[in-house]
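Here is a friendly tour for anyone who likes to see the cut-offs beside the values. Please keep the viewer open while you read.

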Amino acid sequence: MTQNKTPMFVNLYHLWVKAISCLQSPLLLVMRLYWGWQFFQTGKGKLMNLERTTGFFQSLNIPHPHLNAIMAGSTECLGGLFLLLGLGARVLTIPLIFTMIIAYVTAESGALKAIFTDPDKFVSAAPFEFMLTAIIVLVFGPGKFSLDWLIGRMFFRKKTTV
């Protein structure tokens, strides 16, 4: 008869980690749903008010403001929908992150310059939470409650041979 010599606190810690890990997919789902919808709404707003968006981009000295307004609005609108669904999430977060970097560089340059001197200014700027969510989904994936996971499960699961 062998006796388990693992200390009880090690077993409890492993149990705790396993329990907390079960929250990963629900958390990713909530983040994707909330921020995917926010991306969709802001992108739709840009596209529905294209002249106003073009004027704003023009005031920021963004080259080709009309074209860039269409590109930013489309990226946010479509990217938000795909983020909501969890479809192509690790690929489609890249243009969303890029769009938020451009937002920092152009519309929030003061917050970007203050990243180390006044971090509160940087993290309270509008693009921060959008970009953070996109980075988290890029790194961790969309989770089990997503079309990416479902497609992967249906088409790419390993076939076992007996």
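**Ground rules**

This is a predicted model, in which local features need pLDDT of at least 70 and side-chain atom pairs count only at pLDDT 80 or more, while totals for chains, interfaces and linings use all residues. Numbering starts from 1 along each chain as its sequence is written, and side-chain values use heavy atoms, with hydrogens and water left out.

**Overall fold**

The protein has nine helices and zero strands; helices (H or I, at least four residues) and strands (E, at least two) are DSSP runs, numbered from the N terminus. The radius of gyration is 21 Å, well over the 15 Å that the globule rule gives for 162 residues, so the protein is more spread out than a compact globule. That radius is taken over C-alpha atoms, and the globule rule is 2.2 Å times the number of residues to the power 0.38. Along the principal axes, the C-alpha atoms fill a box of roughly 80 × 45 × 20 Å.

Of the 162 residues, 29% count as buried. Here buried means under 20% relative accessible area, exposed means over 50%, and partly exposed lies in between (1.4 Å probe, protein chains only). Among the contacts with a separation of 6 or more, 67% come from residues 24 or more positions apart, a contact being heavy atoms within 4.5 Å.

**The largest pocket**

How much space lies in the largest pocket? About 660 Å³. The search uses a 1 Å grid over the protein atoms alone: a pocket is an open set of points where a 1.4 Å probe fits, with protein on both sides within 12 Å along at least five of seven lines, and lining residues have an atom within 4 Å of a point. Grid points are joined across faces, edges and corners, and the volume is the space filled by probe spheres set on the points.

The largest pocket is lined by 28 residues, and those closest to its centre are K46, F57, A72, E76 and A103. By type, the lining divides into 16 nonpolar, eight polar and four charged residues. Nonpolar covers Ala, Val, Leu, Ile, Met, Phe, Trp, Tyr, Cys and Pro; charged covers Asp, Glu, Lys and Arg; the others, Gly among them, are polar. At least two lining residues come from each of α2 (24-48), α3 (50-59), α4 (65-85), α5 (89-106) and α8 (126-140). The most come from α5, with seven residues.

Helix α2 has 25 residues and reaches 35 Å from its first C-alpha to its last, close to the 36 Å expected at 1.5 Å a residue. The expected span is 1.5 Å times one less than the number of residues. Buried residues in α2 are S25, L28, M31, R32, W35, G36, F39, F40, G43 and K46, and their cover includes α3, α4, α5 and α8.

Helix α1 (residues 8-21) has 14 residues and reaches 20 Å, close to the 20 Å expected.

**Selected residues**

T133 sits in helix α8. Not counting residues up to four places away in sequence, T133 touches M31 and W35, both of which are among the buried residues of α2.

L47 belongs to helix α2. Leaving aside neighbours within four places in sequence, L47 is in contact with A69, I70, G73, S74 and C77.

K113 is in helix α6 (residues 109-113). Between K113 and N11 there are 47 Å in space, C-alpha to C-alpha, and 102 residues in sequence.

The loop between α3 and α4 holds N61 and also H64. N61 has a positive phi of about 60° although it is not a glycine, and H64 has a positive phi of about 50°, again without being a glycine. For background, most residues other than glycine have a negative phi.

The table gives the accessibility of these residues.

| Residue | Relative accessible area | Class |
|---|---|---|
| T133 | 2% | buried |
| L47 | 31% | partly exposed |
| H64 | 59% | exposed |
| N61 | 67% | exposed |
| K113 | 69% | exposed |
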